[in-house]
Amino acid sequence: LAVGLVCVVAVIAYTAGPRSLSRLGLGEVAALVFFGPVACTGTIVVLTGPPNALAWVAGLVPGLHAGAIMAVNNLRDRHTDARAGKRTLATRLDERGARLVPLVLVLVGNLLAAPVAWLADRPLALIALLLIPLSWPLLKSYLRTPISPVLNDVLARTGRWELITCLALAASLLVAS
């Protein structure tokens with residue numbers, strides 16, 4: 001119940017008023033936290049009890065990818081947000097920096113397969129590392145796609161990448177080593 005209330009407050013804080021989280025450049029952080037560790041550990045608490053280190057680290061994987069989705073969205077809207085006075089992370093950084101944010105978030109999300117595999121004692125979880133070379137076209141698109149509605153495709157591809165990575169990681173954790 002407490003986690004649910006915090007999530008409701010976070011939703012309101014994300015959108016409400018001139019000092020909302022989205023206007024302060026904290027959208028990526030909010031996505032990372034609430035679509036990652038909060039969702040993962042909240043689910044663990046409901047299903048099994050207190051979360052362990054594995055739940056926290058594994059929760060960072062979807063969280064980092066959700067942050068990348070937010071970063072691509074903010075990159076796409078960079079110019080209109082700046083004109084509207086929205087101080088998203090993409091408007092605070094130069095264009096190159098704004099383009100690197102989703103790239104780093106996706107890479108780090110996949111690299112976390114190593115500590116997840118170690119914490120779970122499931123070497124097969126390293127499969128998320130093997131996916132990294134497949135992400136190359138997506139990673140290049142963060143750097144090369146013009147700031148325009150064309151980024152909508154990159155946004156969708158980032159969401160699919162999150163799904164693929166999380167499904168591969170979850171499946172690998174279910175298979176006995």
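**Note on helices, salt bridges and cysteines**

1. V33 lies in helix α2, which spans residues 27-34. The model discussed here is a predicted one. With a relative accessibility of 32%, V33 counts as partly exposed. Together with L26 and V29, V33 makes a nonpolar surface patch of about 210 Å².

2. Helix α2 also has a buried set of residues: G27, E28, A30, A31 and L32.

3. Helix α10 covers residues 136-144, and its buried residues are L138, L139, S141 and Y142. Where do these residues sit around the axis of α10? They lie on the same side of the helix, because the arc they cover around the axis is only 155°. The face of α10 turned away from this buried side carries W136 and R144, which are exposed.

4. How many salt bridges does a search of the whole structure find? The search gives three. One of them joins the side chains of R76 and D77, with an N to O distance of 2.8 Å. R76 is partly exposed, its relative accessible area being 23%.

5. Another salt bridge pairs R99 with E95, and their closest N and O atoms are 2.9 Å apart. Both residues belong to helix α7 (residues 95-111); they are four residues apart, so about one helical turn separates them. Are the two partners buried or partly exposed? R99 is buried, with a relative accessible area of 6%, whereas E95 is partly exposed at 33% relative accessibility.

6. A further salt bridge links the side chains of D153 and R157, at 3.6 Å from N to O. These two residues are in helix α11 (residues 151-174), and because they are four residues apart, the separation is about one helical turn. D153 has a relative accessible area of 43% and is partly exposed. R157 is partly exposed as well, at 23% relative accessibility.

7. A search of the whole structure finds zero disulfides. C40 is in no disulfide, and the nearest cysteine sulfur to that of C40 belongs to C166, 9.2 Å away. Likewise, C166 takes part in no disulfide, its nearest cysteine sulfur being that of C40 at 9.2 Å. C40 is partly exposed, with a relative accessible area of 24%, and C166 is partly exposed with 21%.

Methods: Residues numbered from 1 in each chain as written. Predicted model: local features only at pLDDT ≥ 70, side-chain atom pairs only at ≥ 80, totals over all residues. Heavy atoms only, no water. Disulfide = S-S within 2.5 Å. Buried < 20%, exposed > 50% of the residue type's maximum accessible area, 1.4 Å probe, protein only. Salt bridge = Lys/Arg side-chain N within 4 Å of Asp/Glu carboxyl O. Arc of directions from axis to C-beta. Patch = residues over 30% accessible without salt bridge, like charges linked within 9 Å, V, L, I, M, F, W, Y side chains within 5 Å. Areas by Shrake-Rupley, 256 points an atom, 1.4 Å probe, with all protein chains shown as cover.
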